[in-house]
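Student: I would like to go through this model with you and ask what stands behind each label.
Tutor: Gladly. Let us take the labels one at a time.

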Amino acid sequence: MFIPNMNFSEVFKHSNQLCRVSPDGKYLATCVQYRLVVRDVNTLQILHLYTCLDQISQMEWSSDSLFILCAMYKRGLVQVWSLEQPDWHCKIDEGSAGLVCSRWSPDGRHILNTTEFHLRVTVWSLCTKSVSYIKYPKACQKGVDFSRDGRYMALAERRDCKDYISVFVCEDWQLLRHFETETQDLCGVEWSPNGCVLAIWDTCLEYKVLLYSLDGRLLSTYSAYEWSLGVKSITWSPSSQFLAIGSYDEKVRILNHITWKKITEFEHPASISNSKAVVYKEVEKRPVLGSDDLSIRQQLTMGSALFSTQSKYEICQLPVQVHVVKPDPDRANPKIGISSMAFSPDNRYLATKNDNMPNCVWVWDMQKLRLLAVLEQVAAVRCFLWDPRRPRLALCTGNAKIYLWSPAGCVSVQVPVEGNFQVLSLSWHGSGDSLILLGKEQLCLCYIETEMEVSGGTG
Amino acid sequence: MIRLPPRKQQHSGTCLRRRFHSLNVSHLVCGHSTQLLRCLNGLGSWRTVAMPESSLENKENIDSSSRFAMSPSRHDAQPSLHSKNSYNIISAFCTEENVSQCITYIDQEVSSLGFPSVCREFSGGKGLNTVPVLNTMYELLQLHRRGLRTVEDLETEHLKSSSDLEYVQLSNSRLKDQLEFSRRENSGLHERERQLQLKIKSLQNCLKNEKEEVQKLQNIIASRATQYNHDMKRKEREYTKLKERLNQLLIDKKDKKLAIEILNCVGRADGKRSLWKTEKTEARHEGEMYKTLLNDYENRQKDLMLENAELKKVLQQMKKEMVSILSPRKHSLRGEKLEDSIEPACSDNEEEVYDSSRETLELSCEHAREQLTNSIRQQWRRLKNHVEKLDNQASLAQMGMRVSKDMISQEAHEEEMEKLRLEIRECKDFIQTQQQLLQQQLSAPCDDETAALLNDCYMLEEKERLKEEWRLFEEQRKNFEKERKNFTEAAIRLGHERKAFEEDRGTWLKHQFLNMTPFAERKKPHTSKSQSALSVCTEPEAKNAPTPARLGKSLSNASFATPKAAPVKMPSTTDLYRTLRLIPDHSSSETLPKRGSWQESNVMHSGDFSIKSHYCNGADDTSIFSHSGEENI
């Protein structure tokens, strides 16, 4: 069992969950109401402070970490700040068309604004001050996706009650390909990490996944079943080797990249049995002073958090009955099925979450194609993210703890922050050495320094 | 006239009847024979034997008798007299006058019935021959009785049959009831069946209706879906139109607000200047796109190539191994007349294999690949066959083994079981007897044997105690041994001392002797020497040293009956030596625990001890001594 040595920074304020680390990993930008604060990640000293015109609703770093985009959707405004030239400023006003989404293009010199009602996508160039429009963007789950190398953008369009895909070259926004898809109501597009295959999935009413080559050829169509609610989420493995499809039938299907056929499917049964999986169950308990060395360790690291509830993982004996929430059948978008999946950066593991088992995160071994571990939390899992460098999964459940899973084991760590600090979401620093924990109005950095291998026991 | 005789006859009839019953024949012979005849006649008529030559009188008589018989109650109130009356009638058969006739008649009748003749030719006429008459009478009586019995039997038979009849009738009626009941049931079932049929029909109808309904609903749904889709499309069109319009409006309005305020333009990230959109750029983009695609495919192909190569390698290796496995076996099997058709194929395969293995470089060639796969397939088939065969053999062998083993084991098992059962039974018996004995003992404690048995039981404890004591005793003995060793050591020391003493004495004597002569100076160093020799011992001991030596000498002499050492010049020292030499002997005897020698040694030691005890009057020593004494005893 690994017990990382973790240090925590002091707490900073933020609003709207807006806190981003620059892509080069040097800066930390946070938004507090209408102010944008840029800090050094290591010293946490304020380097720049920008003041926007209104409360910031979206903030994004450009890919080269030189500019920060701040969008104020209510006012239809976008402000861009330069890190190199603090005096430099840029303000884009979408005017009466309104603004619902603003994002950088991968080159960091163009801003794509989606207007209200998805009327159009406006592309503003910071180089030439030029503006161009892309008409007919589709309002859907994921209508725009940039390929990972930043060269291509796939955009879902709707014209004449038919779905189309437009592939743009991001360099000069030239339309490369435009093709109709065989979908009823296209729901999302996603590039494979190598940028050669585009996965498209249909609305949840139909289980349909289409795979297009970059040049617009249909490579394959996959449909697991008919009639009942279909695809809920899609994730590519970082190697582009696997496509994981999570659906409403509580299963994940893995397609391979050669035949585009199903390799295996991962079920999420309510009772876990007959498996080599390890089930970690979080157990909450009141602190007992010095009951075991773990608690001592935690006391040492936590200090002030001595009197909050402690939790630890226990390895359950199989079979284990997982807490299941029955979805309301009368409501749309039932809380059932695989809503989120994430591959570890080394392609070895897949973490999934089934919505009707909100307290569980399932970790699958992609080499042996079987269940590896299940983490059953006390509260519903809010967010889980892989360390970008190591096979290490961090998750939070909306309480004052963070949880880490690695193949060696599980650990729960109390965030030693005074007051009511609930970790609602988290994000990794690119180096994997620190975690940003976001509370409702506060944030805190967690530095994971070293790993110590300690055998036996549960974290 | 008619009235009177019956009275008489009645009387005589009763008489006759009585006699008839009591078989008193003599009366019949004298006088009343006619009556008897009549009676017989009556019997005959009763037997429905027709009277061939019945006289008129007879007829009349019979008539009269019938007349009388017709009215028995008129004359006599008692119905029981009916038979008497009938006898009265018989009286008419034989009278004084017609005795002979009667006799002949009877004779005839009797002979006709197959009896011997009853007549005897007298001088004057015919007379009755009493003996045959009696015989006949007896016969007849027998017959009569038999008849009666048969009648009785028949009556019982009749009764039986009538009861049977009744029973049969009863059962018949019951069966009839049953029949009726089952008929009713049958009809009921029929009714139910009919109802069920009806139900099925209705259900089928229902099903059909439901199906129709489903169809209808499906149609409705489909139509609704199309309608909905249509509406959706319409709405979407409207929506797009609206969007269009809005867009147009936004553009037309020349939205003042729509603007970008920028301090100064930023250079491109790659530092290049933006290019004009031309066909060239388009072509370049296409080219780039295809390049990336090509790259991807190339990579993929490379991966696949690698994988394929790996797999081929595996295949090759597999084949080689297969060949190597199969070839020697094949040779060995060749002797065992393998199928001829396979053999040449095998050799071909072998050749092929080697050929193909030579051609490994050309494996990419399709032909070679095919060959490889084919040969592998063949080899595999052969291997599979072989393995299957082996499997079969093995399973057969195993089966055989198992069977035989099972047989053996079962037998053995049963034997063992039997043995064990016997044992159990014996044990149980034993226990029971023991229990019984115990109970007996309890109930009758005077029983000697059981008492002894029980005593044994009780003695067990005692024995245990004894054992414990024995153990203690052993320990003590060990202690003795230790002490003895100490003593021997002491004895050795003593020997040394004695020696020194002897020397001293010698020197002293010499000194004395020399004292006579004037050499007095040498005495001092000698005494000091002796002291040094005795330095280990305490002073009093040293002082006492000479006395115990003597004592020891005497004692040892006493204990040793064999005075071997006696004829030496200096007996005391030799004795001591002996004792000293004996000690190692004793130690050797210790290692060989022989009782006799041991005891002997003990004896010797007791001597030693006695010596010692005289030396050092320790309490321990004495106590040990007492123990050793006991032991010796």
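Student: What makes B:Glu236 and A:Arg158 a salt bridge?
Tutor: First, keep in mind that this is a predicted model. The closest N and O atoms of B:Glu236 and A:Arg158 are 2.4 Å apart. The rule asks for a side-chain nitrogen of Lys or Arg within 4 Å of a carboxyl oxygen of Asp or Glu, so the pair qualifies.

Student: How many salt bridges does the rule find across the interface of chain B and chain A?
Tutor: It finds 5 there. A search of the whole structure, over all chains, gives 38. As background, side chains of opposite charge can pair when their charged atoms come close.

Student: What makes A:Lys138 and A:Asp163 a salt bridge, and which parts does the pair tie together?
Tutor: Their closest N and O atoms lie 2.9 Å apart, and the cut-off is 4 Å, so the label applies. A:Lys138 sits in the loop between β13 (131-135) and β14 (144-146) of chain A, while A:Asp163 belongs to strand β16 (residues 162-169) of chain A, so the pair links parts that are 25 residues apart in sequence.

Student: Back to the two chains: how many residues does each give to the contact?
Tutor: Chain A gives 51 residues and chain B gives 42. The area buried between them is about 4300 Å², with 55% from carbon and sulfur atoms. There are also 16 residue pairs in polar contact between chain B and chain A, counting pairs with both residues at pLDDT 80 or more.

Student: Which elements of chain B supply its side of that contact?
Tutor: Those giving two or more residues are α8 (130-252), β3 (259-262) and α9 (279-335) of chain B. The largest share, 14 residues, comes from α9(B). By type, the residues of this side of chain B divide into 17 nonpolar, 8 polar and 17 charged.

Student: How do you know that β9 of chain A and β3(B) pair?
Tutor: Strand β9 (residues 89-93) of chain A and β3(B) share 4 bridges in the antiparallel sense. Pairing needs at least two bridges, so these strands count as paired. One of the bridges joins A:Lys91 to B:Glu261.

Student: Why are β22 and β25 of chain A said to stand at the edges?
Tutor: The open sheet has 4 strands in the order β22-β23-β24-β25 (chain A), paired antiparallel. Each of β22 (231-236) and β25 (262-267) has a single partner strand, so one side of each is left without a neighbour in the sheet. The twist averages 20° from one strand to the next. Strand β24 (residues 251-256) of chain A meets β25(A) over 5 antiparallel bridges, and A:Leu255 stands opposite A:Lys262.

Conventions: Residues are numbered from 1 along each chain as its sequence is written. Chains are lettered from A and ligands numbered from 1 in the order in which they are written. This is a predicted model: local features need pLDDT of at least 70, side-chain atom pairs count only at pLDDT 80 or more; totals for chains, interfaces and linings use all residues. Side-chain values use heavy atoms; hydrogens and water are left out. Contact means heavy atoms within 4.5 Å. Buried area is the accessible area (1.4 Å probe) that two parts lose on being put together, summed over both. A polar contact is a pair of N or O atoms within 3.5 Å; within protein, one must be able to donate a hydrogen and the other to accept it, and residues adjacent in sequence count only if both atoms are side-chain atoms. Ala, Val, Leu, Ile, Met, Phe, Trp, Tyr, Cys and Pro count as nonpolar, Asp, Glu, Lys and Arg as charged, and the others, Gly among them, as polar. Axes are lines fitted to C-alpha atoms, for helices over the stretch in contact, and angles run from 0 to 180 degrees between N-to-C directions.
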